[in-house]
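Dear colleague,

I am handing over a structure that you have not worked with before, and I would be glad if you could look through it alongside the notes below.

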Amino acid sequence: MMINSGLSLLHIGSVQNDHAQALCIVRKLSTSHVMIATRLLLEPGMIVRIGLRGNYLLPGQVGDIAGPLIPVLFDRPVNPSDVVEAGKRAHGGQESVRLQLERPVQIVGPRATHLCLSVDISLGGMKIRGVAPWLHIGDLLLVELQGLGSREARLAWIKGNEAGLHFRHTLGYDELDNWLQNGQTHVGIAATTRPQALPNGFDA
């Protein structure tokens with residue numbers, strides 16, 4: 001199938017199917033499709049969802065794979081300009097691409113240690129569920145996740161029983177993606193679709 005080239009991009013997104021999720025690098029976007037690079041093993045005909053900044057979740061189907069970039073054909077036409085503008089508005093905010101997952105998280109704070117659950121995670125932070133009463137906005141915390149190690153984070157907001165954490169130092173693309181894949185042992189890794197290294201100064 002011939003598909004138009006669309007806009008050339010270098011954005012971080014997510015790709016999900018019914019069994020697994022992973023980060024991806026979005027290289028091209030048009031009204032009909034997106035071209036991505038990802039470690040997640042995808043096959044032609046597979047139904048997936050592409051997550052982008054600005055709360056965009058685009059359902060589609062994997063097309064014929066003929067190279068390192070994988071085409072995902074949208075279920076309905078998309079306006080690339082709207083997607084790009086939404087990403088610009090969300091830059092640096094809570095609308096960064098997030099991956100949904102529920103895993104135990106240990107929070108070490110200035111007053112105590114607390115065990116809670118993650119809700120989602122991104123390169124820049126995470127949402128947790130199960131807020132301890134001694135937690136306060138602005139607290140500098142040590143966040144411990146199995147397999148990902150410990151890292152400092154600032155408590156950014158609290159809403160009911162959920163809270164948002166901003167990592168003091170953002171995660172690397174490979175660091176987060178490897179951690180996700182190691183936690184999804186039933187998902188294969190397609191070496192031929194491994195994303196290229198991100199250029200210096202690239203902001204997810």
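Which residues of the largest nonpolar core touch the most other members? Please keep in mind that this is a predicted model. The core in question has 30 residues, and those that touch the most other members are I107, I121, M126, L165 and L176. Two or more residues each are given to this core by β2 (21–29), β8 (104–108), β9 (113–121), β10, β11 (140–145), β12, β13 and α2 (173–182), with α2 supplying the largest share, four residues. Leaving aside residues up to four places away in sequence, I107 touches a list of residues that includes C116, I128, W134, L141, V143 and L165. There is also a second, separate core of 22 residues, with L9, L29, I70 and F74 among them.

Turning to the strands, β13 (residues 162–167) pairs in the antiparallel sense with β10 (residues 125–129) over five bridges, and R129 stands opposite E162 of β13. Strand β13 also pairs with β12 in the antiparallel sense, over six bridges, and here F167 in β13 is the bridge partner of A153. Between β12 and β13, which form a hairpin, there are two residues, and G160 in the turn has a positive phi of about 65°.

Finally, K159 lies in strand β12, which covers residues 149–159, and this lysine counts as exposed because its relative accessibility is 59%, where exposed means over 50%. Although K159 and R129 are 30 residues apart in sequence, they are 9.8 Å apart in space, C-alpha to C-alpha.

With best regards

Conventions
Residues numbered from 1 in each chain as written. Predicted model: local features only at pLDDT ≥ 70, side-chain atom pairs only at ≥ 80, totals over all residues. Heavy atoms only, no water. Buried < 20%, exposed > 50% of the residue type's maximum accessible area, 1.4 Å probe, protein only. Pairing = 2+ DSSP bridges. Core = buried A, V, L, I, M, F, W, Y, C linked by side-chain atoms within 4.5 Å. Contact = heavy atoms within 4.5 Å.
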